[in-house]
Amino acid sequence: METVPCLRVSRCRAQQLRQQLQPLDFLDRSLCIVNEPAGTVLLPILPSSLPRLDVTFLKEVATVWCEPSLLSKKERGQRRGDELENFLQELVEAHGESWTKELREDLPRSFQRHGDLVLLGHNCFSLPLWKKMDQRLWRAVAKGLGAKRLAKMSRISSDGFRSPRVTVLLGERSWVKHVDNGITYEFDVTKCMFSAGNITEKLRVAAFDCRGETVVDLYAGIGYFTLPYLVHANAAHVHACEWNPHAVEALRKNLPANGVQGRCTVHPGDNRQVQLCNVADRVNLGLIPSSEDSWPVACRLLKKTTGGVLHIHHNVTSPNTAASQERDDVDYSVSGKRADREAWRAWADDATNRIACLLKELTATVWRTNIQHIEHVKSYAPRVHHVVLDLECRPA
């Protein structure tokens, strides 16, 4: 059996290297990335990429050869799924019940892993039979998934904080630790969301050069973007605004955990009431489906003499049509069909005009606005897309 070439890299550098390799089509996407016990990560690459590897950005990276079975997504997922199913089948039959197709289809198909805690989705273990098995069920599930603690999510709360409705099923503690791109996030899974789907945008922010800049993060949460700005983008100072008290508590823990507490000021409460003005080189507006309520705040925060950049998150719905006309003067992220990109551009044009009007109203002067980039973060449905507009705003 042929072995597979892999790059062995320290865990703290793995996501940065992965981001560098993806646009070059070096990564073998059919295989898994492997976390090794020694604190290193294996990134499987295509054999055809070996002659093209640029050693200048591969410092402290080793090329090794691995068995395909170690990296196979199908085999790994099947092994884990088979283990869980076997444990639960034994449990069900020990209760005098039969293992059925309906029970198998009620098993979790996806979940989030935060350290030793696995967070199950809402669409599993819904059949009445499971309720008869009390803690024995959850111990079997934890064993099958390789976890020590279990929790289960219901629908997101409509309390204004987007608080998760989470029940701890096994274990007593609900605080977890999650590491992304060398950044530690600690939070209470029953009180705070962790947006795993935003990883590409967090990596993009981490790659910014914010040396000497003051950044305002209007929707800081537990530090999803605040921490990449501080740890990797090297912002001089970040003002982090957050109105969920549980997220504020987690953010205050995460700042010293990452050694950046001296360069961040936390502003609890509604960001529309924050007492800041004329301070920002960059403002992050990371709320979806829309951050429009805080656009006037963001405009007020920009430095009046030099301006800055707004990073505006929004959910854009594409029209159900194939008709579109591509434009060459906008830098789009690589993903997205033409009709989708045109919808993103139409929203960005409208947002740009509205921001220009707000800036003129607030300062009584004309500002130049320029769409630097439109980034596609993820899709929620066939026609609903989370995008980020990078809008440069400068006084004329």
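**Reading a predicted chain**

Guide: Averaged over the chain, pLDDT (the predictor's confidence in each residue, from 0 to 100) is 86, and 88% of the residues score at least 70. This is a predicted model, so local features need pLDDT of at least 70 and side-chain atom pairs count only at pLDDT 80 or more, while totals for chains, interfaces and linings use all residues. Residues are numbered from 1 along each chain as its sequence is written, and side-chain values use heavy atoms, with hydrogens and water left out.

Visitor: Where does the pLDDT stay under 50?

Guide: Over residues 322-327, for which the model has 13 contacts beyond four places in sequence; contact means heavy atoms within 4.5 Å. Residues 332-336 are also below 50, with 18 contacts in the model beyond near neighbours in sequence.

Visitor: How many helices and strands does the chain have?

Guide: Helices (H or I, at least four residues) and strands (E, at least two) are DSSP runs, numbered from the N terminus. Here there are 10 helices and 17 strands.

Visitor: How do I read burial, and what share of the chain counts as buried?

Guide: Buried means under 20% relative accessible area, exposed over 50%, and partly exposed in between, with a 1.4 Å probe and protein chains only. Of the 396 residues, 48% count as buried.

Visitor: Why is strand β1 largely enclosed by the rest of the structure?

Guide: Because five of the seven residues in β1 (residues 4-10) are buried.

Visitor: Which strands pair with β1?

Guide: Two strands pair if DSSP finds at least two bridges between them. β1 runs antiparallel to β4 (residues 62-66), with five bridges joining them, and Pro-5 has Trp-65 as its bridge partner in β4. Five bridges also pair β1 with β3 (residues 40-44) in the antiparallel sense, where Cys-6 stands opposite Pro-44.

Visitor: What about β9 and β10?

Guide: Six bridges join β9 (residues 175-180) to β10, and the two run antiparallel. Val-179 stands opposite Thr-184 of β10. Two residues lie between the strands of this hairpin, and Asn-181 takes a positive phi near 50 degrees. Five of the six residues of β10 (residues 183-188) are buried, so β10 is largely enclosed by the rest of the structure.

Visitor: Is His-373 buried or exposed?

Guide: His-373, found in strand β16 (residues 367-381), counts as buried because its relative accessibility is 12%.

Visitor: Which side chain does the side chain of His-373 join through a polar contact?

Guide: A polar contact is a pair of N or O atoms within 3.5 Å; within protein, one must be able to donate a hydrogen and the other to accept it, and residues adjacent in sequence count only if both atoms are side-chain atoms. For His-373 the partner is Glu-375, at 2.7 Å.
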